[in-house]
Amino acid sequence: MARVTTADLDRLEFHAVQSGDHVDVALELLGLANTADSDSEISRAEIFVRAGEQWEMAQEFERASAAYQRAIDDGGTTIIDARALHAGALLELDMIDSAYAQLERVRAEGPRNLPTVIHIAETLQAHGDLSGAHTWATRGIERFRHQGVTAYVHDLLLELLRARFRIRVDLGLEEDGFDRLLDEWKPSSHPDGP
């Protein structure tokens with residue numbers, strides 16, 4: 001068994017970016033996930049997710065889907081909900097019903113964080129479901145805008161507001177209160193602060 005650190009993942013992902021060899025890095029990440037100690041800095045599920053992301057970069061969506069499913073089965077904590085990532089890979093495979101079933105599971109439980117909501121909204125937008133993307137972006141803003149807004153969360157909210165704005169314009173919808181928040185909030189400043 002091996003103790004996997006953030007530095008290990010950073011090193012592998014940097015290598016993938018430099019070399020473009022996403023397949024080898026995905027395979028190495030899968031090996032790490034399979035041998036990771038329970039006291040590792042990074043959860044096994046997160047390592048499976050990172051492997052899935054490398055498979056996606058290699059345009060290997062079936063393998064990405066399998067890696068995300070392993071993350072889901074593992075049940076460990078991930079930065080972005082593995083079900084949301086799995087849905088994206090399934091959409092790439094034209095498995096539309098399965099993809100939306102994953103998103104429905106996330107919706108039913110309530111998305112646990114903003115990175116998950118941002119990923120879902122951007123994925124749906126990229127796959128032409130502007131209405132779904134708008135709904136998820138709106139839902140995410142409503143859910144997270146008043147919950148312990150740190151500078152990091154505030155910046156994520158701004159990112160989601162900007163994405164929602166672009167989607168709303170593409171849909172031809174009228175401006176609303178959430179659009180006005182973009183004018184009121186400034187990057188890296190607390191919305192209730194000066």
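Biologist: Is arginine 164 buried or exposed, and at what relative accessibility?

Modeller: This is a predicted model. Buried means under 20% relative accessible area. Arginine 164 counts as buried, because its relative accessibility is 3%.

Biologist: Which residue forms a salt bridge with arginine 164?

Modeller: The closest N and O atoms of the pair are 4.0 Å apart. The partner lies in helix H10 (residues 177–184) and arginine 164 in helix H9 (residues 151–171), so the pair ties together parts that are 15 residues apart in sequence.

Biologist: What separates arginine 50 and glutamate 46 along helix H3?

Modeller: These two form a salt bridge, with the closest N and O atoms 2.7 Å apart. Arginine 50 is buried at 14% relative accessibility, and glutamate 46 is buried at 6%. They sit 4 residues apart in helix H3, so the separation is about one helical turn.

Biologist: Where does glutamate 175 find a salt-bridge partner?

Modeller: Glutamate 175 is partly exposed, at 48% relative accessibility. The closest N and O atoms are 3.8 Å apart, and the partner is arginine 180.

Biologist: Which element gives the largest share of the largest nonpolar core?

Modeller: That core has 38 residues, and Leu29, Ile47, Ile120 and Leu124 have the most contacts inside it. Elements giving two or more residues include helix H1 (6–19) and helix H8 (130–144). The largest share is 7 residues, and it comes from H5.

Notes: Residues numbered from 1 in each chain as written. Predicted model: local features only at pLDDT ≥ 70, side-chain atom pairs only at ≥ 80, totals over all residues. Heavy atoms only, no water. Core = buried A, V, L, I, M, F, W, Y, C linked by side-chain atoms within 4.5 Å. Buried < 20%, exposed > 50% of the residue type's maximum accessible area, 1.4 Å probe, protein only. Salt bridge = Lys/Arg side-chain N within 4 Å of Asp/Glu carboxyl O.
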